Amino acid sequence: MTEEITDNILNGVLEFYHCHVDACQISRLGNGHINDTFLVKSSAQNFVLQRINAEVFPDPMAVINNAELINQHLANARQQGRYPLSSMKQRANINNELATLYQGQYWRAVDYVDNCFTLESVSNLEQAKQVASSFAQFSAAMSNFPAEKLAEIIPNFHNIGFRMLQLNEAIKQDKAKRLASCESWVSFCHNQQRFIDEVTRITLKLPLNVTHNDTKINNLLFDKSTERPITVIDLDTCMSGYLMHDFGDMVRTCCSTLAEDATNVDEMALKKEVFAALAQGYIDSFGENISTLEKQSLIIGAKLLPFMIGVRFLTDYLDGDNYFSIKHPQHNLERAINQFTLYQLLCQNHDFITATITNLNSDH
Ligand code: GN1
Ligand code: MG
């Protein structure tokens with residue numbers, strides 16, 4: 001478990017940025033489950049301060065270096081007219097370093113973008129298209145980046161076979177003595193072997209891209225005045241991957257009528273029009289730069305991400321909540337049940353999803 005962040009710790013870190021807790025307002029920012037993120041406001045400057053969770057990111061410098069390489073590449077792409085969004089800017093500390101090591105923990109600062117907002121759900125189809133276009137433009141702009149320059153931040157991050165192995169290990173150890181309370185969901189996971197095999201088969205045929213890997217709707221900043229996307233944020237898990245993963249995570253966070261941890265799962269419904277808008281926005285933005293097989297893989301990705309993240313939440317629940325931050329002891333189990341319900345809904349709507357993607361596929 002990572003250490004609690006006291007005012008004393010914040011003060012120590014802020015000194016690296018010419019700041020003091022008494023001279024600024026500090027508030028928690030965003031809804032991340034891993035890092036601790038703060039907005040620091042003073043009369044002189046506004047910036048985002050983040051403690052990187054070293055248990056999840058054992059090499060925090062690699063996270064910071066990757067972000068720098070990506071930001072520079074995107075800034076160049078924008079200058080050349082190949083990328084319409086702006087990129088994030090990490091800030092150097094008083095020692096002219098992007099990382100601040102304080103009492104054994106890594107921190108970094110990022111420029112705060114004024115007049116922006118994030119969304120937790122889409123409220124209209126235009127927004128859904130914008131979200132999909134932005135993440136597609138991100139991967140398209142990264143397509144000529146030498147992926148081998150990016151450190152592999154978390155190996156096997158979106159490898160469902162590996163995530164099932166982790167689940168099975170957690171079941172075997174039953175560290176938190178919780179197996180009895182979630183046995184039906186454990187069996188549910190094991191019963192999805194046919195789907196897992198389908199994922200493995202298509203994965204062997206797909207090309208690798210630089211993908212964002214955390215395309216939650218709240219990882220996109222919108223401009224308050226134009227209401228248009230301005231910046232893709234949270235590059236922590238940007239690595240080589242498959243487009244279906246990025247598409248699937250958008251579906252996961254845009255197409256459910258409920259939040260990721262809502263417990264009234266009987267009321268969950270699929271926002272079909274939003275799904276169609278995401279698919280269209282994503283495929284259209286790639287133009288010629290997405291293959292027929294990659295388009296087909298989006299059908300699988302849409303189901304895969306809710307299932308895989310459900311498996312990860314369930315694993316962490318069995319493990320005693322070591323990975324995702326939680327607000328109460330059942331939180332990870334509730335998240336898992338929510339995501340499995342969404343996966344089931346997507347499976348029930350397989351024909352609709354397939355028809356939507358197939359129609360778009362034949363349009364091009
Ligand atoms: C974590 O902390 P956050 O919200 O950026 C997780 C993602 C999950 C997500 C679920 C490094 O992202 O993979 O999809 O929670 N990040 C990591 O909401 O594991
Ligand atoms: Mg993230």
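Reader: Where is the place of Phe313?
Author: Phe313 sits in helix H9, where helices (H or I, at least four residues) and strands (E, at least two) are DSSP runs numbered from the N terminus. This is a predicted model, in which local features need pLDDT of at least 70 and side-chain atom pairs pLDDT 80 or more, while totals for chains, interfaces and linings use all residues. Residues are numbered from 1 along each chain as its sequence is written, chains are lettered from A and ligands numbered from 1 in the order written, and side-chain values use heavy atoms, without hydrogens and water.

Reader: What makes Phe313 count as buried?
Author: Buried means under 20% relative accessible area, exposed over 50%, and partly exposed in between (1.4 Å probe, protein chains only). Phe313 has 1% relative accessibility, so Phe313 counts as buried.

Reader: Is Thr37 buried or exposed, and why?
Author: Thr37, in strand E2 (residues 36-42), has a relative accessibility of 16% and therefore counts as buried.

Reader: How do you know that the side chains of Thr37 and Gln50 are joined by a polar contact?
Author: A polar contact is a pair of N or O atoms within 3.5 Å; within protein, one must be able to donate a hydrogen and the other to accept it, and residues adjacent in sequence count only if both atoms are side-chain atoms. The contact between Thr37 and Gln50 is 3.0 Å.

Reader: Which residues coordinate the magnesium ion (ligand 2)?
Author: The donors come from Asp214 (OD) and Asp234 (OD), at 1.9 to 2.0 Å. Donors are N, O and S atoms within 2.8 Å of the metal (3.2 Å for Na, K and Ca); water is not among the atoms, so sites may look incomplete. Asp214 belongs to the loop between strand E8 (209-211) and strand E9 (220-223), and Asp234 to the loop between strand E10 (229-232) and strand E11 (239-241), so the pair ties together parts that are 20 residues apart in sequence.

Reader: Are Asp214 and Asp234 buried, partly exposed or exposed, and why?
Author: Asp214 is buried because its relative accessible area is 16%. Asp234 has 24% and is therefore partly exposed.

Reader: Which atoms lie 2.6 Å apart at Lys216 and ligand 1?
Author: They are an N or O atom in the Lys216 side chain and an oxygen atom of ligand 1. A polar side-chain atom of Asp234 is 3.0 Å from an oxygen atom of ligand 1, and a backbone N or O atom of His33 lies 2.7 Å from one.

Reader: Which helix gives the most to the shell around ligand 1?
Author: Helix H9 (residues 292-319) does, with 3 residues.
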